[in-house]
Amino acid sequence: MLRRREFLKGLSGATMAMALTKLEAVEPSQPLPMRVLGRTKVKVPVLGLGFGPIGTALTEAEAIALMEAALELGVTYWDTAPTYGRAQEYMGKVLPKGRDKVFLVTKVATDDAKRALAILEQSLRTLKTDSVDLVHVHNIGDFAPERVLGKGGVLEGLREAQKRGWTRFIGVSGHYRPSTMAKVLESGEFDVVMCVLNFADRFTYNFEGKVLPVARTHQMGIVAMKVMAAPQRGYSQPNPGKLAGYADLAIRYALSLPDVACAVLGVFKVDELQRDVAIARQLRPLTENEQAKLALIGKELVARWGAQYGDPT
C-alpha cells in the first residue's frame with residue numbers, strides 16, 4: 001500500500017502537484033463504516049470487492065491498480081473464486097504485502113470433501129498465502145443438502161481444512177434455489193451466507209424472506225451480492241450505463257437490510273470504486289419515498305429479465 005511520504009519522496013514542482021492530486025483521489029477522507037460479521041465476531045468494512053470482473057475483464061496492470069486503490073480506500077473484504085478467470089493469480093501479486101489488512105474469501109464449487117480440499121489447496125498456492133479467512137460452498141443451490149452435510153460431503157472437507165489451518169470460517173454462497181440454501185443453513189453448521197440481495201431480484205428470488213430469517217436464527221454473518229441489480233451478462237462488460245444511476249439507492253438498499261454486514265461489489269474501474277466508497281461513507285437509511293421508488297424500478301426490471309440466475313424456488 002502506498003504511503004503519502006513514500007509516494008512523494010523525491011518529487012517536486014508540477015510532478016509533486018500531480019502526484020498529490022492522484023494520491024488524494026484514493027486516500028480516504030474518513031474511514032469506511034465497519035460491521036460485525038455475525039458469529040465470526042470479525043469487524044469488516046461495509047463494502048467488499050468482488051473479483052469476478054477483475055479476473056475476467058481487466059489486464060494485470062488494471063487489476064493491480066484497482067486492488068491497491070481498494071487497500072487505500074479501506075475496501076479490505078476481498079471475495080474471489082478459482083472460477084473467476086485470472087483473479088486469484090492477480091491477487092497473488094498483491095496479497096503478500098497486504099495480507100494482514102485483507103479479510104480473504106474464496107470458494108469451492110463442489111459437494112465432495114476430497115475435491116473441496118484439493119480446490120482450496122490450489123487456491124492457497126495461487127493466492128500465495130497459507131490460509132484464507134472464509135471459504136464458501138459456491139452456488140449451494142447446485143447441490144443436494146444431504147450430500148453437502150453428509151459423510152464425505154463438502155462440509156466434512158471444509159472442517160478438515162479448518163483443522164489444517166487453511167480457513168477460519170465456512171460459509172455458503174448462492175444465486176438461486178433459495179429454499180435449498182435455507183435447508184442447508186438450518187443445520188446451523190455454517191458461519192456466513194452470501195446471497196443475491198438487491199432491489200429488483202428480491203421480487204423473483206426473495207432471499208430476504210426465505211434465507212435471511214434462517215441465517216439470523218443461527219447468528220450467521222450475512223453478505224450481499226449482485227447488489228447493483230444489473231442484468232446477468234457474465235463479467236465481460238460493465239453494467240449498462242442506466243443502472244449506474246441507481247448506485248446510491250442500490251447500495252443503501254442492501255446495507256439497510258437488518259444484519260447485513262457487507263455488500264460485495266464487482267467494479268471495473270477505480271472511479272467506480274471511489275463512487276461506491278463515497279456512498280458508503282455517508283450511509284443513511286432509505287426514506288419511505290426512496291423505498292417506493294426502488295420497488296417500482298425493481299418490478300419494472302424483473303418484468304423484463306425474469307429469473308435471470310436460474311430456478312427461483
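Angles under 35 degrees count as roughly parallel. I keep that cut-off at hand for the helix pairs below. The model I am reading is predicted.

**Entry 1: H4 against H15**

I looked up the packing of helix H4 (residues 60-73) on helix H15 (residues 270-281). Their angle is about 20°, and the axes lie 10 Å apart. H4 and H15 are therefore roughly parallel to each other. I noted the hand of the crossing as right-handed.

Next I listed the contact residues. H4 brings Ala-65, Leu-66, Ala-69, Ala-70 and Leu-73. H15 answers with Val-270, Leu-273, Gln-274, Val-277 and Arg-281. By class, the contact of H4 with H15 holds eight nonpolar residues, one polar and one charged.

**Entry 2: the whole chain**

I stepped back for the totals. The chain has 313 residues, and 53% of them count as buried. I find 16 helices and 10 strands.

**Entry 3: the barrel**

I traced the sheet. Eight strands close into a barrel, and I wrote the order down as S3-S4-S5-S6-S7-S8-S9-S10. The pairing is parallel. On average, neighbouring strands of this sheet are turned by 30° against each other, with direction ignored.

Which strands flank S3? On one side I have strand S10 (residues 260-265), joined to S3 by three bridges and running parallel. Here Gly-48 has Val-264 as its bridge partner. I also have strand S4 (residues 77-79), which pairs with S3 in the parallel sense over three bridges. Gly-50 is bridged to Asp-79 in S4.

I checked where the S3 side chains and glycines face. Strand S3 covers residues 47-50. Leu-47 and Leu-49 point one way, Gly-48 and Gly-50 the other. All four are buried.

Met-194 stands opposite Val-223 in S9.

I turned to helix H14 (residues 247-256). How many of its 10 residues are buried? I count eight, and H14 is mostly covered. The list reads Ala-247, Leu-249, Ala-250, Ile-251, Arg-252, Tyr-253, Ala-254 and Leu-255. Arg-252 is on this buried list, and I flagged it as a charged residue.

H14 lies across S3, S9 and S10. It runs at about 150° to S10.

I looked up helix H9 (residues 154-163) in the same way. H9 lies across strand S5 (103-108), strand S6 (132-137) and strand S7 (167-174). Its angle to S7 is about 150°.

H9 also packs with helix H7 (residues 113-127); the axes come within 7 Å and cross at roughly 45°. H7 and H9 are therefore oblique to each other. I recorded this crossing as right-handed.

The contact list on the H7 side is Ala-113, Ala-116, Leu-117 and Leu-120. On the H9 side I have Val-154, Glu-156, Gly-157, Leu-158, Glu-160 and Ala-161. The contact of H7 with H9 divides into seven nonpolar residues, one polar and two charged.

**Entry 4: H10**

Why do I call helix H10 (residues 178-185) largely enclosed by the rest of the structure? Because six of its eight residues are buried. I listed them as Pro-178, Thr-180, Met-181, Ala-182, Val-184 and Leu-185.

**Entry 5: Tyr-90**

My last look-up was one residue. Tyr-90 lies in helix H5 (residues 87-91). Is Tyr-90 buried or exposed? Its relative accessible area is 2%, so I log Tyr-90 as buried.

I listed its contacts, leaving out residues up to four places away in sequence. Tyr-90 touches Ile-54, Gly-55, Leu-58, Thr-59, Glu-60, Ala-63 and Met-67. For Glu-60 I also took the C-alpha separation from Tyr-90, which is 6.4 Å. The two residues are 30 apart along the chain. Glu-60 falls within the H4 range, residues 60-73, which takes me back to the helix of the opening entry.

Definitions and conventions:
Residues numbered from 1 in each chain as written. Predicted model: local features only at pLDDT ≥ 70, side-chain atom pairs only at ≥ 80, totals over all residues. Heavy atoms only, no water. Axes fitted to C-alpha atoms, helices over the stretch in contact; angles between N-to-C directions. Helix = DSSP H or I, 4+ residues; strand = E, 2+ residues; numbered from the N terminus. Parallel < 35°, antiparallel > 145°, perpendicular 65-115°, else oblique. Left-handed = near helix turned anticlockwise from the far one by under 90°. Contact = heavy atoms within 4.5 Å. Buried < 20%, exposed > 50% of the residue type's maximum accessible area, 1.4 Å probe, protein only. Pairing = 2+ DSSP bridges.
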